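Dear colleague,

Please find below the structure for your review. My notes on it follow directly after.

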Amino acid sequence: MQATETDLLLVIDVQADFLPGGTLAVPDGDAVIAPINALGRTFKHVALTQDWHPAGHASFATSHPGKKPFGTVRLAYGEQVLWPEHCIQGTPGAELSPLLALPHAELIIRKGYRPGIDSYSAFREADRITPTGLAGYLRERGFTRIFLCGLATDYCVGWSAIDAREAGFQAVVVEDACRAIDLDGSLERAWGDMAAAGVEREESWAIGG
Ligand code: VGL
Ligand code: ZN
């Protein structure tokens, strides 16, 4: 496969806190870097996302007295999984991995910066209403097919892929360039939800990575 002018590689949340040694390390998370860098060489157009929470964010267990990480809480927009503090604005944990070799990336979009709303998706926050602006950007640039990779398959990658479909884009998740958190069957659920939304699933070798 040859990536075209209307294809974009969207690299989700490859940040220190999701990598080994981070506060919300995704198992085997650093294994995504080599395939992502290989994909980066085949795509002319690349964009990155960066989870970017203020201190005291509503998705942190520490913001809810008596609650523990990986439990849940009811927020105004529905059930929210509680996480260890991660990707706090301006901290080393929020930095994109210096091992990413994507100097030609054209956009870094930050998400999750509203104190009371989480944002797994790069397109729409967890209230399912507030847009991040990414769909408008991609449309205006003329992209029609989005290839997604990064962390984590079952949260930010999966939700972004489903919302990409909803916004009218083709969406392809590059499976070997992603790793999952896999909380209580969340990975299997995510693949089911993605398939139902028309998200395609590919391996990086099949798309030139
Ligand atoms: C993510 C949990 C909390 C992700 C971000 O990048 O998948 N997961 N914040
Ligand atoms: Zn987060």
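Two strands are taken to pair if DSSP finds at least two bridges between them; helices (H or I, at least four residues) and strands (E, at least two) are DSSP runs, numbered from the N terminus. In this sense, Gly 150 stands opposite Cys 178 in β7. This is a predicted model, in which local features need pLDDT of at least 70 and side-chain atom pairs count only at pLDDT 80 or more, while totals for chains, interfaces and linings use all residues. Residues are numbered from 1 along each chain as its sequence is written, and chains are lettered from A and ligands numbered from 1 in the order in which they are written.

Strand β6 (residues 145-151) runs parallel to β7, the two being paired over 6 bridges. Of the 10 residues of β7 (residues 170-179), 7 are buried (20 or more other C-beta atoms within 10 Å of the residue's own, with C-beta atoms placed from the backbone; exposed means 12 or fewer, partly exposed in between).

Together with helix α3 (residues 153-166), β6 and β7 form a right-handed β-α-β unit (clockwise from the first strand over the helix to the second, with the strands pointing away from the viewer). A further right-handed β-α-β crossover leads from β7 through helix α4 (residues 186-196) to β8. Strand β8 (residues 200-202) is parallel to β7 and joined to it by 3 bridges, with Glu 200 as the bridge partner of Val 172.

Gly 168 lies in the loop between α3 and β7. Gly 168 counts as exposed because it has 10 C-beta neighbours inside 10 Å.

With kind regards
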